[in-house]
Amino acid sequence: MASKILIIGACGQIGTELTMALRNKVGNDNVIASDIREGSRDLMESGPFEIADATSFESIENLVIQHEIDEVYLMAAMLSATAEKFPMKGWELNMGSLFHVLNLAKEKKITRIFWPSSIAVFGPSTPKIDTPQTTVMEPSTVYGISKQSGERWCEYYHQKYGVDVRSIRYPGLISYKTLPGGGTTDYAVEIYHEALKHKKYTSFLKEDTELPMMFMDDAIKATIQLMEAPSEKVKVRSSYNLAALNFTPETLAAAIREHIPEFEIDYAPDFRQAIADSWPSSIDDAQAREDWGWSHDFDLEKMTFEMLAGLKDTYQ
Ligand code: AKB
């Protein structure tokens, strides 16, 4: 029998594309999408969907039992900018939901977990360039603190209880199918929409703020690759550094101008600038490349082409 997958937070930016990719791979009925709200029509119509609150152990456990779930992808999270506004809610969602799935795995009700971490685990005292897998980690945001604590708990549950939990420190993710919500790297998605809509964008980060980023297709590829890797190859049980490209608002605008020459950008940094300034500019992901063969496909030019092509119809 095919293994059954539950995606919690399936209607978010990553969850939507991950659900569709996994449904294509293992069959629509084997991937149960769940979220606190309904999502895109494709997602809702292509397979089973359940409304569930990630902070309720009972709702998650019920879904696991009812659908005989083996693997859980826990994609529900409050991102960096929103969690600064609602610290306790951010902590409760990000940590509470993780404990629920870790405890279900400890009780042997599920066999494998994917949980996303983030470059937000790093902080101002971390080396900024080519940030190593193992280094100083003193995150200065609520989101970063929750992700770093989560990583420690993942490793702990793996070592103490043998829980098969796997994780990636995602950089900023760029996609055209679903909008991100509440992150510091969201500007890199908004800019494409505004370039097509108004040929102008005001960035909430300064022109020279360099951050690690990745096109969504690469992030989905990495996630599935990590989950399919033989257990002995997954040597890091906190979370893997993962990298593809790094750019600033200025270089991204220049890449867009190759397609839309009249595109203009200006800058009005807000509270998200301080968050971005505390994060790395580039990441060393040698361990992911070595342990389970990760490699990325999209550079800035290829991603920009795909983003503009993918959004064109929406704004014509
Ligand atoms: C955010 O900006 O909060 C996220 C992240 C880097 O984890 N995109």
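**Entry 1**

The model I am reading is predicted, so I hold local features to a pLDDT of at least 70 and side-chain atom pairs to 80 or more, while totals for chains, interfaces and linings use all residues. My residue numbers start from 1 along each chain as its sequence is written.

**Entry 2: the whole chain**

I find 12 helices and 12 strands in the protein chain, where helices (H or I, at least four residues) and strands (E, at least two) are DSSP runs numbered from the N terminus. The C-alpha trace spans about 55 × 45 × 40 Å along its principal axes.

I call a residue buried if 20 or more other C-beta atoms (placed from the backbone) lie within 10 Å of its own, exposed if 12 or fewer, and partly exposed in between. Of the 316 residues, 47% count as buried.

The UniProt annotation, from an unreviewed entry, gives "domain: NAD-dependent epimerase/dehydratase" for residues 5-242. I note that UniProt positions are given in the numbering used here, that feature names are shortened, and that annotations may be inferred rather than shown by experiment. Over residues 5-242 the chain is 42% helix and 18% strand, and the end C-alpha atoms are 24 Å apart.

**Entry 3: the seven-strand sheet**

I traced an open sheet of seven strands in the order S3-S2-S1-S4-S5-S6-S10, with parallel pairing; two strands pair if DSSP finds at least two bridges between them. Strand S3 (49-51) and strand S10 (240-241) stand at the edges with a single partner strand each, so one side of each has no neighbour in the sheet.

I then went through some of the pairs. Strand S1 (residues 5-8) runs parallel to S4, joined by four bridges, and Ile-8 has Leu-74 as its bridge partner in S4. S4 and S5 are parallel too, with three bridges; here Glu-71 is partnered by Arg-112 in S5. Strand S6 (residues 165-170) pairs with S10 in the parallel sense over two bridges, and Asn-241 in S10 is the bridge partner of Arg-169.

Which way do the side chains of S4 point? Glu-71 and Tyr-73 point one way and Val-72 and Leu-74 the other, and all are buried.

I found another open sheet, of three strands in the order S7-S9-S11, with mixed pairing. Its edge strands are S7 (172-174) and S11 (245-247), each pairing on one side only. The twist averages 45° from one strand to the next, using axes fitted as lines to C-alpha atoms (for helices over the stretch in contact) and angles from 0 to 180 degrees between N-to-C directions. S7 and strand S9 (residues 211-215) pair in the parallel sense over three bridges.

Strand S8 (residues 200-203) runs parallel to strand S12 (residues 264-267), with four bridges between them; Ser-203 has Tyr-267 as its partner in S12.

**Entry 4: loop residues**

Glu-68 lies in the loop between helix H3 (57-66) and strand S4 (71-74). Its phi is near 50°, a positive value in a residue other than glycine, and with 11 other C-beta atoms within 10 Å Glu-68 is exposed.

Lys-108 sits in the loop between helix H5 (87-106) and S5. Its phi, near 65°, is also positive in a residue other than glycine; Lys-108 has 10 C-beta neighbours inside 10 Å and counts as exposed.

Pro-127 lies in the loop between strand S5 (112-118) and helix H6 (142-161). I find it partly exposed, with 13 other C-beta atoms within 10 Å. The C-alpha atoms of Pro-127 and Trp-279 are separated by 9.3 Å, although the two residues are 152 apart along the chain.
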